[in-house]
Amino acid sequence: MEKIMEVVAGVDLGGTAVNYSLVNAKEQFLIDGLCEHPALAKQGPQVCLQQIEDGLRIAAEKADVLFSDIVAVGLDTPGPASASGQLSAKGSTNFVHAHWAGFDIRESLAHRLGLPVSYLNDGNAGALWGHFTLFGATSKETSITVVIGTGLGGGIILDGNVVKGRKGFGGELGHVLIPYQSIAGITGLRPECNCGRTGDLEALCSLTAIEKSLLPFFLPKHPGHELAKLGDLSRAAKQVRGLADRGDPVCKEIFRVQAHALGLFFDEMINTFDPDALIVGGGALETSPEFQQWFIEQIRVGMPGQREEQADIPMYVMPNGDTAGARGAAIEALKLAKLGGLA
Ligand SMILES: [Zn+2]
(Lines give C-alpha, C1' and ligand atoms only; values in the text may rest on other atoms or scores of the structure.)
Protein backbone atom coordinates (compact mmCIF):
# COMPACT_ATOMS: atom_id res chain seq x y z
CA MET A 1 0.00 0.00 0.00
CA GLU A 2 1.20 3.48 -0.79
CA LYS A 3 2.55 5.34 2.19
CA ILE A 4 0.67 8.55 2.95
CA MET A 5 3.08 11.43 2.90
CA GLU A 6 3.12 13.46 6.07
CA VAL A 7 6.15 15.72 6.34
CA VAL A 8 9.42 16.15 4.46
CA ALA A 9 12.55 17.61 6.07
CA GLY A 10 15.23 19.83 4.57
CA VAL A 11 18.71 19.49 6.08
CA ASP A 12 21.22 22.21 5.17
CA LEU A 13 24.65 21.07 6.34
CA GLY A 14 27.23 23.84 6.54
CA GLY A 15 30.72 23.79 8.01
CA THR A 16 29.64 24.86 11.49
CA ALA A 17 25.86 24.44 11.69
CA VAL A 18 23.03 22.30 10.36
CA ASN A 19 19.86 24.23 9.51
CA TYR A 20 16.50 22.45 9.32
CA SER A 21 13.24 23.03 7.56
CA LEU A 22 10.04 20.98 7.55
CA VAL A 23 7.38 21.15 4.84
CA ASN A 24 4.08 19.31 4.46
CA ALA A 25 2.44 17.95 1.31
CA LYS A 26 0.53 21.22 0.90
CA GLU A 27 3.89 22.98 0.50
CA GLN A 28 3.50 24.74 3.86
CA PHE A 29 6.68 25.33 5.86
CA LEU A 30 6.35 24.38 9.52
CA ILE A 31 9.37 26.28 10.90
CA ASP A 32 9.56 30.04 10.35
CA GLY A 33 13.14 31.18 10.94
CA LEU A 34 16.48 29.49 11.38
CA CYS A 35 16.46 26.17 13.23
CA GLU A 36 20.10 25.30 13.84
CA HIS A 37 22.13 22.58 15.51
CA PRO A 38 25.96 22.40 15.70
CA ALA A 39 27.37 20.41 12.76
CA LEU A 40 30.70 19.36 14.35
CA ALA A 41 31.83 18.58 10.80
CA LYS A 42 35.48 18.89 11.84
CA GLN A 43 35.07 15.77 13.98
CA GLY A 44 34.32 13.68 10.90
CA PRO A 45 31.32 11.94 9.34
CA GLN A 46 30.15 9.73 12.20
CA VAL A 47 29.93 12.54 14.76
CA CYS A 48 28.37 14.85 12.17
CA LEU A 49 25.71 12.34 11.09
CA GLN A 50 24.75 11.85 14.73
CA GLN A 51 24.47 15.64 15.05
CA ILE A 52 22.24 15.77 11.96
CA GLU A 53 19.91 13.15 13.43
CA ASP A 54 19.82 14.77 16.89
CA GLY A 55 19.06 18.16 15.39
CA LEU A 56 16.35 16.71 13.18
CA ARG A 57 14.59 15.29 16.25
CA ILE A 58 14.74 18.72 17.89
CA ALA A 59 13.41 20.35 14.70
CA ALA A 60 10.49 17.90 14.56
CA GLU A 61 9.63 18.72 18.16
CA LYS A 62 9.83 22.43 17.40
CA ALA A 63 7.45 22.01 14.46
CA ASP A 64 5.12 19.89 16.58
CA VAL A 65 5.37 16.78 14.40
CA LEU A 66 6.44 13.25 15.29
CA PHE A 67 9.84 12.12 14.08
CA SER A 68 8.02 9.15 12.55
CA ASP A 69 5.90 11.58 10.48
CA ILE A 70 9.00 12.49 8.46
CA VAL A 71 8.85 10.37 5.30
CA ALA A 72 11.75 11.81 3.31
CA VAL A 73 14.72 14.09 3.78
CA GLY A 74 16.35 16.55 1.40
CA LEU A 75 20.03 17.14 2.16
CA ASP A 76 22.22 19.92 0.86
CA THR A 77 25.91 20.61 1.56
CA PRO A 78 28.62 22.83 0.14
CA GLY A 79 30.42 21.20 -2.79
CA PRO A 80 32.29 19.84 -4.45
CA ALA A 81 30.20 16.69 -4.48
CA SER A 82 28.74 14.39 -7.10
CA ALA A 83 25.13 14.82 -8.26
CA SER A 84 24.13 11.95 -5.96
CA GLY A 85 25.89 13.30 -2.87
CA GLN A 86 29.35 11.76 -2.78
CA LEU A 87 31.75 14.36 -1.42
CA SER A 88 34.90 15.07 -3.39
CA ALA A 89 37.81 12.68 -2.80
CA LYS A 90 40.02 15.76 -2.65
CA GLY A 91 38.10 17.10 0.32
CA SER A 92 36.82 20.66 0.65
CA THR A 93 37.10 23.67 2.92
CA ASN A 94 33.98 22.67 4.85
CA PHE A 95 34.83 18.99 5.26
CA VAL A 96 38.46 18.87 6.31
CA HIS A 97 38.44 15.67 8.41
CA ALA A 98 40.21 12.91 6.44
CA HIS A 99 37.20 10.56 6.61
CA TRP A 100 35.07 13.02 4.61
CA ALA A 101 37.14 12.43 1.44
CA GLY A 102 34.96 10.56 -1.04
CA PHE A 103 32.30 10.03 1.65
CA ASP A 104 28.81 9.23 0.34
CA ILE A 105 26.90 11.51 2.66
CA ARG A 106 23.49 11.04 1.04
CA GLU A 107 23.66 7.25 1.20
CA SER A 108 25.03 7.29 4.75
CA LEU A 109 22.31 9.61 6.03
CA ALA A 110 19.62 7.53 4.31
CA HIS A 111 21.01 4.41 5.97
CA ARG A 112 21.18 6.04 9.41
CA LEU A 113 17.66 7.50 9.28
CA GLY A 114 16.06 4.61 7.40
CA LEU A 115 14.50 7.19 5.08
CA PRO A 116 14.92 8.17 1.45
CA VAL A 117 17.27 11.13 1.13
CA SER A 118 17.68 13.44 -1.88
CA TYR A 119 20.81 15.52 -2.45
CA LEU A 120 21.64 18.97 -3.84
CA ASN A 121 24.70 21.16 -3.42
CA ASP A 122 23.95 24.33 -1.45
CA GLY A 123 23.95 26.63 -4.49
CA ASN A 124 21.40 24.53 -6.31
CA ALA A 125 19.27 24.18 -3.16
CA GLY A 126 19.19 27.97 -2.81
CA ALA A 127 18.22 28.29 -6.46
CA LEU A 128 15.38 25.81 -6.03
CA TRP A 129 14.09 27.81 -3.07
CA GLY A 130 14.16 31.01 -5.15
CA HIS A 131 12.33 29.21 -7.94
CA PHE A 132 9.75 27.76 -5.53
CA THR A 133 8.86 31.19 -4.12
CA LEU A 134 7.77 32.22 -7.62
CA PHE A 135 6.44 29.05 -9.16
CA GLY A 136 5.74 26.43 -6.44
CA ALA A 137 7.05 22.88 -6.14
CA THR A 138 5.38 21.33 -9.18
CA SER A 139 6.30 24.01 -11.72
CA LYS A 140 7.40 23.57 -15.31
CA GLU A 141 9.07 26.99 -15.46
CA THR A 142 12.74 27.81 -16.00
CA SER A 143 14.68 30.21 -13.77
CA ILE A 144 18.28 31.30 -13.24
CA THR A 145 19.33 32.23 -9.69
CA VAL A 146 22.58 33.86 -8.62
CA VAL A 147 23.51 34.09 -4.94
CA ILE A 148 26.14 36.76 -4.29
CA GLY A 149 28.13 36.06 -1.14
CA THR A 150 31.81 35.43 -0.42
CA GLY A 151 31.79 33.73 -3.81
CA LEU A 152 29.04 33.53 -6.37
CA GLY A 153 26.73 30.51 -6.28
CA GLY A 154 23.34 29.74 -7.63
CA GLY A 155 21.72 27.35 -10.01
CA ILE A 156 19.54 26.67 -12.97
CA ILE A 157 16.04 25.25 -12.73
CA LEU A 158 15.05 23.96 -16.15
CA ASP A 159 11.39 23.11 -16.75
CA GLY A 160 11.00 22.79 -12.97
CA ASN A 161 14.03 20.55 -12.39
CA VAL A 162 17.44 21.37 -10.94
CA VAL A 163 20.23 21.07 -13.50
CA LYS A 164 22.80 18.96 -11.60
CA GLY A 165 24.96 17.94 -14.55
CA ARG A 166 27.06 14.87 -15.25
CA LYS A 167 29.47 15.30 -12.31
CA GLY A 168 27.38 17.52 -10.05
CA PHE A 169 28.82 20.79 -11.31
CA GLY A 170 25.69 21.97 -13.12
CA GLY A 171 24.84 25.54 -12.20
CA GLU A 172 28.38 26.59 -11.18
CA LEU A 173 27.47 30.02 -12.44
CA GLY A 174 30.36 31.84 -10.76
CA HIS A 175 32.89 30.34 -13.14
CA VAL A 176 31.17 31.23 -16.39
CA LEU A 177 33.31 33.69 -18.35
CA ILE A 178 31.74 37.00 -19.26
CA PRO A 179 32.89 39.73 -21.71
CA TYR A 180 33.80 42.04 -18.84
CA GLN A 181 35.93 44.27 -21.07
CA SER A 182 32.71 45.89 -22.30
CA ILE A 183 31.84 47.19 -18.81
CA ALA A 184 32.45 50.96 -18.68
CA GLY A 185 34.97 52.40 -16.24
CA ILE A 186 37.20 49.37 -15.54
CA THR A 187 39.81 49.63 -18.29
CA GLY A 188 42.98 47.95 -17.07
CA LEU A 189 41.24 45.74 -14.48
CA ARG A 190 42.20 42.05 -14.60
CA PRO A 191 39.58 40.23 -12.52
CA GLU A 192 41.19 36.93 -11.52
CA CYS A 193 39.21 34.14 -9.87
CA ASN A 194 40.51 31.56 -7.39
CA CYS A 195 39.52 28.90 -9.95
CA GLY A 196 42.23 30.13 -12.34
CA ARG A 197 39.99 31.91 -14.84
CA THR A 198 40.25 35.60 -15.60
CA GLY A 199 36.97 37.46 -15.98
CA ASP A 200 34.39 34.94 -14.81
CA LEU A 201 31.29 36.12 -12.97
CA GLU A 202 32.65 35.44 -9.46
CA ALA A 203 35.79 37.46 -10.26
CA LEU A 204 33.58 40.52 -10.83
CA CYS A 205 30.58 39.91 -8.64
CA SER A 206 31.26 38.62 -5.09
CA LEU A 207 32.69 39.78 -1.78
CA THR A 208 35.97 38.17 -2.85
CA ALA A 209 35.92 40.20 -6.07
CA ILE A 210 35.43 43.40 -4.07
CA GLU A 211 38.44 42.58 -1.88
CA LYS A 212 40.78 41.15 -4.53
CA SER A 213 39.91 43.16 -7.65
CA LEU A 214 37.48 46.05 -7.30
CA LEU A 215 38.83 47.82 -4.19
CA PRO A 216 42.47 47.52 -5.35
CA PHE A 217 41.34 49.01 -8.69
CA PHE A 218 39.18 51.87 -7.39
CA LEU A 219 40.77 52.94 -4.08
CA PRO A 220 44.08 54.21 -5.56
CA LYS A 221 41.95 56.59 -7.67
CA HIS A 222 40.37 57.93 -4.45
CA PRO A 223 43.21 58.06 -1.90
CA GLY A 224 41.17 60.23 0.47
CA HIS A 225 38.32 57.70 0.71
CA GLU A 226 37.62 56.34 4.20
CA LEU A 227 38.19 52.74 3.00
CA ALA A 228 41.58 53.72 1.49
CA LYS A 229 42.58 55.12 4.88
CA LEU A 230 41.50 51.88 6.57
CA GLY A 231 44.46 50.07 4.96
CA ASP A 232 42.84 46.62 5.33
CA LEU A 233 41.16 45.28 2.20
CA SER A 234 39.41 42.42 3.95
CA ARG A 235 37.73 44.74 6.47
CA ALA A 236 37.14 47.39 3.81
CA ALA A 237 35.40 44.90 1.48
CA LYS A 238 32.82 44.08 4.16
CA GLN A 239 31.93 47.78 4.47
CA VAL A 240 31.33 48.42 0.76
CA ARG A 241 27.72 47.18 0.76
CA GLY A 242 26.64 49.38 3.68
CA LEU A 243 28.41 52.44 2.30
CA ALA A 244 26.92 51.89 -1.16
CA ASP A 245 23.47 51.58 0.40
CA ARG A 246 24.04 54.96 2.09
CA GLY A 247 25.02 56.54 -1.21
CA ASP A 248 28.82 56.59 -1.10
CA PRO A 249 29.80 57.23 -4.77
CA VAL A 250 32.91 54.99 -4.89
CA CYS A 251 31.13 52.04 -3.25
CA LYS A 252 28.09 52.55 -5.45
CA GLU A 253 30.40 52.47 -8.47
CA ILE A 254 31.72 49.09 -7.27
CA PHE A 255 28.15 47.78 -7.09
CA ARG A 256 27.40 49.31 -10.51
CA VAL A 257 30.27 47.27 -11.99
CA GLN A 258 28.95 44.12 -10.27
CA ALA A 259 25.44 44.77 -11.59
CA HIS A 260 26.72 45.30 -15.13
CA ALA A 261 28.72 42.07 -14.89
CA LEU A 262 25.48 40.32 -13.89
CA GLY A 263 23.72 41.97 -16.81
CA LEU A 264 26.25 40.44 -19.22
CA PHE A 265 25.89 37.06 -17.54
CA PHE A 266 22.09 37.12 -17.57
CA ASP A 267 22.19 38.04 -21.25
CA GLU A 268 24.10 34.79 -21.88
CA MET A 269 21.50 32.88 -19.86
CA ILE A 270 18.58 34.53 -21.68
CA ASN A 271 20.02 33.47 -25.01
CA THR A 272 20.74 29.95 -23.74
CA PHE A 273 17.52 29.17 -21.84
CA ASP A 274 14.94 31.89 -22.56
CA PRO A 275 14.01 31.61 -18.87
CA ASP A 276 10.79 32.67 -17.13
CA ALA A 277 12.62 34.57 -14.36
CA LEU A 278 16.00 35.80 -13.18
CA ILE A 279 16.58 35.79 -9.41
CA VAL A 280 19.29 37.51 -7.38
CA GLY A 281 19.98 36.70 -3.74
CA GLY A 282 22.72 36.52 -1.14
CA GLY A 283 24.36 38.80 1.37
CA ALA A 284 25.18 41.46 -1.24
CA LEU A 285 21.51 42.42 -1.40
CA GLU A 286 20.80 42.50 2.32
CA THR A 287 20.21 46.23 1.86
CA SER A 288 17.39 48.73 1.76
CA PRO A 289 14.61 47.99 -0.77
CA GLU A 290 15.58 51.19 -2.59
CA PHE A 291 19.12 49.95 -3.08
CA GLN A 292 17.86 46.53 -4.24
CA GLN A 293 15.66 48.30 -6.79
CA TRP A 294 18.57 50.42 -8.01
CA PHE A 295 20.77 47.31 -8.31
CA ILE A 296 18.16 45.44 -10.36
CA GLU A 297 17.81 48.49 -12.64
CA GLN A 298 21.59 48.55 -13.08
CA ILE A 299 21.57 44.87 -14.08
CA ARG A 300 19.16 45.78 -16.88
CA VAL A 301 21.35 48.76 -17.87
CA GLY A 302 24.31 46.36 -18.12
CA MET A 303 22.51 43.97 -20.46
CA PRO A 304 22.97 44.26 -24.21
CA GLY A 305 19.74 45.16 -26.05
CA GLN A 306 17.19 42.34 -25.86
CA ARG A 307 14.71 41.05 -28.38
CA GLU A 308 11.31 42.66 -27.98
CA GLU A 309 9.81 39.34 -26.78
CA GLN A 310 12.40 38.97 -24.01
CA ALA A 311 12.98 42.55 -22.90
CA ASP A 312 10.39 42.31 -20.11
CA ILE A 313 11.99 39.26 -18.45
CA PRO A 314 11.16 39.54 -14.73
CA MET A 315 13.96 39.93 -12.18
CA TYR A 316 13.45 39.25 -8.49
CA VAL A 317 15.35 39.56 -5.24
CA MET A 318 15.29 36.21 -3.41
CA PRO A 319 13.60 36.22 0.03
CA ASN A 320 14.66 34.42 3.25
CA GLY A 321 18.37 34.12 2.52
CA ASP A 322 19.32 32.35 5.76
CA THR A 323 16.91 29.47 5.28
CA ALA A 324 17.17 29.17 1.49
CA GLY A 325 19.36 26.05 1.53
CA ALA A 326 17.24 24.05 3.97
CA ARG A 327 14.02 25.07 2.27
CA GLY A 328 15.32 24.30 -1.21
CA ALA A 329 16.58 20.91 -0.02
CA ALA A 330 13.13 20.20 1.47
CA ILE A 331 11.42 21.16 -1.81
CA GLU A 332 13.67 18.76 -3.75
CA ALA A 333 12.68 15.91 -1.42
CA LEU A 334 9.03 16.93 -1.58
CA LYS A 335 9.08 16.93 -5.38
CA LEU A 336 10.62 13.47 -5.48
CA ALA A 337 8.29 12.18 -2.78
CA LYS A 338 5.29 13.40 -4.78
CA LEU A 339 6.62 11.66 -7.85
CA GLY A 340 7.22 8.53 -5.77
CA GLY A 341 10.76 8.63 -7.06
CA LEU A 342 12.84 8.79 -3.91
CA ALA A 343 15.68 6.29 -3.99
ZN1 LIG B 1 36.11 31.19 -11.19
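Asp-159, Asp-274, Asp-276, Glu-308 and Glu-309 gather in a patch of negative charge on the surface. A patch takes residues with over 30% relative accessible area and no salt bridge, with like charges joined within 9 Å. Asp and Glu count as negative, Lys and Arg as positive; His and the chain ends are not counted. The place of a charge is CG of Asp or CD of Glu. Accessible areas come from the Shrake-Rupley method with a 1.4 Å probe, and for residues only the protein chains shown count as cover.

The model is predicted: local features need pLDDT of at least 70, side-chain atom pairs count only at pLDDT 80 or more, and totals for chains, interfaces and linings use all residues. Residues are numbered from 1 along each chain as its sequence is written, and side-chain values use heavy atoms, with hydrogens and water left out.

Most residues other than glycine have a negative phi, and most peptide bonds are trans. Asp-159 is not a glycine, yet its phi is positive, about 50°. Asp-274 also has a positive phi, near 45°. Asp-274 sits in the loop between helix H8 (249–273) and strand E9 (277–281). Helices (H or I, at least four residues) and strands (E, at least two) are DSSP runs, numbered from the N terminus.

Asp-159 is in the loop between E7 and E8. Its relative accessibility is 44%, so Asp-159 counts as partly exposed. Here buried means under 20% relative accessible area, exposed over 50%, and partly exposed in between (1.4 Å probe, protein chains only).

Follow the chain around that turn. E7 and E8 form a hairpin with two residues between them. Strand E8 (residues 161–162) runs antiparallel to E7, with two bridges joining them. Strands count as paired if DSSP finds at least two bridges between them. Ile-157 stands opposite Val-162 in E8. Strand E6 (residues 143–148) is also antiparallel to E7, over six bridges. Ile-144 has Ile-156 in E7 as its bridge partner. Three residues make the hairpin link from E6 to E7. Strand E7 (residues 152–158) is mostly covered, with five of its seven residues buried.

Now turn to E4. Eight of the eight residues of strand E4 (residues 70–77) are buried, so the strand is largely enclosed by the rest of the structure. Strand E1 (residues 7–13) pairs with E4 in the parallel sense over six bridges. Val-8 has Ala-72 in E4 as its bridge partner. E4 also pairs with strand E5 (residues 117–121), parallel, over five bridges. There, Val-73 stands opposite Val-117. Pro-80 lies in the loop between E4 and helix H2 (105–113).

Salt bridges come next. The whole structure holds nine of them, each a side-chain nitrogen of Lys or Arg within 4 Å of a carboxyl oxygen of Asp or Glu. Arg-57 and Glu-53 form one, with closest N and O atoms 3.0 Å apart. Both lie in helix H1 (residues 45–62), four residues apart, about one turn of the helix. Arg-57 is partly exposed at 41%, whereas Glu-53 is buried at 13%. A network of salt bridges links Glu-53, Arg-57 and Arg-112.

Glu-286 and Arg-241 form another salt bridge, at 3.8 Å between closest N and O atoms. This pair links distant parts of the chain, 45 residues apart: Glu-286 is in the loop between E9 and helix H9 (289–302), and Arg-241 is in helix H7 (residues 233–245). Glu-286 is exposed at 52%; Arg-241 is partly exposed at 30%.

Terms used. Patch = residues over 30% accessible without salt bridge, like charges linked within 9 Å, V, L, I, M, F, W, Y side chains within 5 Å.
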